[in-house]
Amino acid sequence: ALVKLYQTTQEQKYLDFAYWLLEERGHGHGTMGDEGKWDPVYYQDIVPVRQLTDISGHAVRCMYLYCGMADVAALKNDTGYIAAMDRLWDDVVHRNMYITGGIGSSHDNEGFTEDYDLPNLDAYCETCASVGMVLWNQRMNQLTGDSKYIDVLERSLYNGALAGISLGGDRFFYVNPLESKGDHHRQEWYGCACCPSQLSRFLPSIGNYIYASSDDALWVNLYIGNTGQIRIGETDILLTQETDYPWDGSVKLTISTSLPLEKEIRLRIPNWCKTYDLSINGKRINVSEEKGYAVIKDWKSQDVIALDMDMPVEIVAADPHVKENFGKRAIQRGPLVYCMEEIDNPVYFDQIQLSPSTTFQTAFVSDILNGIKTIKTNGRAQSDTFIPYYAWDNRKAGKMRVWIPYNG
């Protein structure tokens, strides 16, 4: 908030105050007064922020702290803060993040315990923490121009955050487990109402994450059907995306400019995408990639850029350090993590397995869950059905799981 005040007013005192608040951490100043004992780990107060190496404590508070660090680092070009965030990001993403992009596994502290402690049935994964992952990773992308941050942003957006609200928009998850016995449901409200209000401000802001601009490029980070307008200098830019993403990997982008614009167009190639074709006005082109972006240098106003990404079903294994998922696999297609619900698989739900010989069929089904692309298995007498994780618990109550026993 202080950084936004600085950017709006250009008054240095706001930026200085933000920096001071960050620098005060880790020096033993924390106190609970009459409320109890101060826990420096829980409150990210154990060391000065530029010395942080591992994520700890309350997950949502971590995300907001790191967002503030990223904002201040960008404005002050503080390499110490940037180095700390690089270490923290590696720790979060590679050792403490669920496949859904959710973070914070423990109910006890609404946060973290030890690396690779990622239970499914008892996962916490607060909705606010997934939104925080979107906020932080956007800032990291703006700092570095690296698409790996948008890959994580997209994972958290489509799975961890979107699951937090019902398809009717009137019920909410505070906690987002990756397995359920049929007794975990969204509620209309919570005594601590951070998640409903968080989603009410976050969902209308998603348009802010689709595009970005820099001195030399226009960046296309998310593939969402839209029309957007950007003004850079004296040039008005109209961007139009046509796509059925995330159900389909085909995207058409038309860019119209009021004046000639000497900028590259950088299209993010998601880390799930192994093969793709790129064309302009129907003519296939070959371009270089840089930090996960296809870089288009030769284009003009009204060109139609087409990106066609193969989107196969993937069987995903967890890091072998995650004991909870030993001998299990998950299903992902494009940016979406899938799960099984008992309502679709009422027979032998607990005995269903995947194997190396399992094959899959996808089909768009318009009359359930507001229209989804389902995944069905082949190779067994009985076909098993997977739905996108974000859409679970919107029908009849029943069991759910993301990680499936694997006979391989």
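User: What makes Tyr158, Tyr223, Tyr245 and Trp272 one aromatic cluster?

Analyst: Tyr158, Tyr223, Tyr245 and Trp272 form one aromatic cluster. Rings of Phe, Tyr and Trp (its six-membered ring) pair if their centres lie within 6.5 Å; planes under 30 degrees apart are stacked, over 60 edge-to-face, and the rest tilted. By this rule the count comes to 16 aromatic pairs. Keep in mind that the model is predicted: local features need pLDDT of at least 70, side-chain atom pairs need pLDDT 80 or more, and totals for chains, interfaces and linings use all residues. Residues are numbered from 1 along each chain as its sequence is written, and side-chain values use heavy atoms, without hydrogens and water.

User: Why is the pair of tyrosine 223 and tyrosine 245 called edge-to-face?

Analyst: The ring centres of tyrosine 223 and tyrosine 245 are 5.8 Å apart and the planes stand at 65°, so the pair is edge-to-face. Tyrosine 223 is in the loop between S3 and strand S4 (226-232), and tyrosine 245 in the loop between strand S5 (235-243) and strand S6 (250-257). They are 22 residues apart.

User: Why is the pair of tyrosine 245 and tryptophan 272 called tilted?

Analyst: The rings of tyrosine 245 and tryptophan 272 have their centres 6.3 Å apart and their planes at 35°, so the pair is tilted. Tryptophan 272 lies in the loop between S7 and strand S8 (276-280), so the pair ties together parts 27 residues apart in sequence.

User: How do you know whether leucine 307 is buried or exposed?

Analyst: Compare its value with the cut-offs. Buried means under 20% relative accessible area, exposed over 50%, and partly exposed in between (1.4 Å probe, protein chains only). Leucine 307 has 2% relative accessibility, so leucine 307 counts as buried.

User: What does leucine 307 touch?

Analyst: Contact means heavy atoms within 4.5 Å. Leaving aside residues up to four places away in sequence, leucine 307 touches several residues, including Tyr223, Val251, Ile269 and Leu278. Leucine 307 and isoleucine 269 are 38 residues apart in sequence and 9.3 Å apart in space, C-alpha to C-alpha.

User: Is cysteine 194 called buried, exposed or partly exposed, and why?

Analyst: Cysteine 194 has 25% relative accessibility, so cysteine 194 counts as partly exposed. Cysteine 195 has a relative accessible area of 0%, so cysteine 195 is buried.

User: What makes S2 and S3 a pair?

Analyst: Strands (E, at least two residues) and helices (H or I, at least four) are DSSP runs, numbered from the N terminus. Two strands pair if DSSP finds at least two bridges between them. S2 and S3 have three bridges, in the antiparallel sense. Tyrosine 211 stands opposite valine 220 in S3. Strand S3 (residues 217-220) also pairs with strand S7 (residues 264-268), in the parallel sense over four bridges.

User: Why do strands S2 and S10 stand at the edges of the sheet?

Analyst: The open sheet of five strands has the order S2-S3-S7-S11-S10, with mixed pairing. S2 (211-213) and S10 (288-290) each have a single partner strand, so one side of each is left without a neighbour in the sheet.
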